Amino acid sequence: MGSVLEDDRTGRPLWGVNLATLTDALSGDALFAALRADAQEREADADTARRAPLTRVRATGLLAKPWWLPVFQGLDPYGRAVEALRKVTLAPEAVEPFPYDWRLAVAYNGALLARRARAHLESWRERVAAVPGWRAAGGARPRLVFVAHSMGGLVVRAALEQDVELAADTRAVVTVGTPFLGSAKSVLALNALHAEAEPGRLVRRVQAMAATLPGVHDLLPGYRCLDRGLEVERLTAGDVARFGGDRDLAARSLAERARHRGSGFVLPGHRAVVGEAQPTVQTLEEQHAGLSVVAGRHHAFDVGDDGELVRDPATGIPARRDASGDGTVHLPSARSGTEAVHYVFGQHGTLMSHDEVLRQIRRIALERPQGTDLGDGTGDGPGLETPHLGGTLGQPLTLTVTGLDTPAGASLSVRSATTGRPGHPLTLRREPDRTDGALSARFTADAPDLYRVALNTGRHAPLTQLVLVAPPDA
């Protein structure tokens with residue numbers, strides 16, 4: 001969801017420009033309605049992109065300011081990542097951002113990316129050949145390096161699967177927090193209306209929009225994620241429809257997940273940057289209370305070499321464990337398909353502004369060793385948890401810190417992400433209701449705004465997350 005969208009006919013911004021559209025009682029309804037996919041957009045696939053690309057909504061650029069959405073939470077802009085790469089290339093034009101309409105199917109956007117990437121590569125090869133000093137510097141022809149965040153990694157995979165020649169011309173693919181196996185959070189976004197969550201107006205807008213979007217359904221988990229007690233099942237299209245999604249979009253997405261499990265396709269030169277130690281929804285538990293309400297659980301299940309669930313030998317109950325993640329994508333999903341994994345302590349939406357992530361991206365672009373990991377893939381480290389539906393003005397927010405033995409030496413701060421205005425100092429205390437030793441602090445905003453929460457331990461790069469505080473009627 002990191003691309004700015006606008007109405008192609010009128011030029012009206014629809015996404016990623018004005019935060020007030022998320023909470024405004026009048027304009028917000030119309031804008032979210034405009035973002036819903038129509039019948040043609042729901043059906044669009046790779047062939048559509050090649051024959052006659054859709055034009056109703058246009059992606060005009062990558063996010064240039066912080067953004068936020070219930071359940072999926074905060075997204076930092078991509079400007080720092082683009083500039084970090086441009087500093088290590090022969091010319092700024094070597095780096096080309098690729099915004100896309102994230103509402104639409106991954107396969108559709110993959111076809112558009114394949115076309116754009118080929119044109120970019122050929123243009124850059126001509127540029128290099130025309131400069132004598134560049135041409136003489138190396139014998140190899142330029143090749144592509146893709147740097148992709150979140151769903152962007154799925155779009156890159158689709159592009160390279162569809163175009164084998166483009167895959168051969170690719171030196172490396174760097175994915176940051178990409179849900180190759182899906183994200184259980186996508187189900188929570190579809191189910192938010194059934195949960196009667198607050199703030200109600202914004203949640204209703206998001207759920208109504210998400211239920212129509214192929215892009216959101218393409219994030220559905222393809223692994224065993226539905227906890228039935230003694231069994232753990234994969235989602236079906238019927239499950240997704242019952243939880244608030246679209247049956248046809250779910251069937252298409254889950255069929256694609258099944259195809260990937262057996263395809264054997266490997267991204268060329270794939271390096272995965274994976275956030276860990278953050279409280280992450282990994283599986284789902286259906287709760288029957290009139291409507292089908294889904295609760296997210298912070299544990300996963302192991303599957304043996306025989307494809308069967310690993311069970312407690314004494315009770316036969318499937319063994320549960322916290323696989324950790326970046327707050328949105330759990331570790332097995334983000335590192336799927338490669339052994340070249342770099343771990344950092346970081347939240348999903350802010351990874352592309354994380355100093356350590358930017359350092360690793362630069363090193364990969366320069367073909368240097370990746371360097372030292374901040375994490376080790378075990379999930380042991382500092383974590384930050386903020387309300388995934390945001391907050392309401394006048395009501396305190398609970399901010400939670402995990403993975404620390406003591407609050408000594410750690411600080412938690414909040415400031416406006418739009419103006420930089422600092423908030424009140426916060427005090428971390430042991431959370432008595434939790435058994436994992438978590439620390440917490442309370443924050444009450446004095447104005448509706450997007451706030452940046454920052455955890456500084458003194459030993460690790462600061463952890464940040466964004467949280468929206470909306471007016472009571474939003």
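Begin by selecting Leu160, which counts as buried because its relative accessibility is 0%, where buried means under 20% relative accessible area, exposed over 50% and partly exposed in between, with a 1.4 Å probe and protein chains only. The model you are looking at is predicted, so local features need pLDDT of at least 70 and side-chain atom pairs count only at pLDDT 80 or more, while totals for chains, interfaces and linings use all residues. Residues are numbered from 1 along each chain as its sequence is written, and side-chain values use heavy atoms, with hydrogens and water left out.

**Around Leu160**

Leu160 is found in helix α8; helices (H or I, at least four residues) are DSSP runs, numbered from the N terminus. Now show the residues that Leu160 touches: not counting residues up to four places away in sequence, these are Phe146, Leu166, Ala167, Thr170, Val173, Phe265, Leu267 and Pro268, where contact means heavy atoms within 4.5 Å. If you then select Ala39, you will find that Leu160 and Ala39 are 121 residues apart in sequence and 27 Å apart in space, taken from C-alpha to C-alpha.

**The cores**

Which residues have the most contacts inside the largest nonpolar core? They are Trp15, Phe146, Leu235 and Leu284, in a core of 91 residues; a nonpolar core is a set of buried Ala, Val, Leu, Ile, Met, Phe, Trp, Tyr and Cys residues joined through side-chain atoms within 4.5 Å. Helix α8 (residues 151–162) gives the largest share of this core, seven residues. A second, separate core of 20 residues includes Leu404, Phe443, Leu455 and Leu463. Return to Leu235, which, leaving aside its neighbours within four places in sequence, is in contact with Val187, Leu220, Pro221, Cys225, Leu226, Val240, Phe243 and Leu254.

**Two helix pairs**

Select α8 again, this time together with helix α14 (residues 247–263): their axes come within 14 Å and cross at roughly 65 degrees, the axes being lines fitted to C-alpha atoms over the stretch in contact, with angles that run from 0 to 180 degrees between N-to-C directions. Leu154, Arg157 and Glu161 of α8 meet Arg257, Arg259, His260 and Ser263 of α14 in this contact.

Next, select helix α5 (residues 79–86) and helix α16 (residues 355–365), whose axes come within 9 Å and cross at roughly 30 degrees. On the α5 side the contact is made by Arg80, Ala81, Ala84 and Leu85, and on the α16 side by Asp355, Leu358, Ile361, Arg362 and Ala365.

**Aromatic rings**

A search of the whole structure finds four aromatic pairs. Show Phe98 and Tyr100, whose ring centres are 6.0 Å apart and whose planes lie at 20 degrees, so the pair is stacked; rings of Phe, Tyr and Trp (its six-membered ring) pair if their centres lie within 6.5 Å, and planes under 30 degrees apart count as stacked, over 60 as edge-to-face and the rest as tilted. Phe98 is buried, with a relative accessible area of 16%, and Tyr100 also counts as buried, at 11% relative accessibility. Then select Trp15, Trp67 and Trp102, which ring pairs link into a cluster.

**Last stops**

Is Arg125 buried or exposed? At 10% relative accessibility, Arg125 counts as buried, and this residue is found in helix α6 (residues 106–130). Leaving aside neighbours within four places in sequence, Arg125 is in contact with Arg118, Arg141, Pro142 and Asp169. Finish with helix α11 (residues 200–210), which is largely enclosed by the rest of the structure because eight of its 11 residues are buried, among them Leu202, Val203 and Met209.
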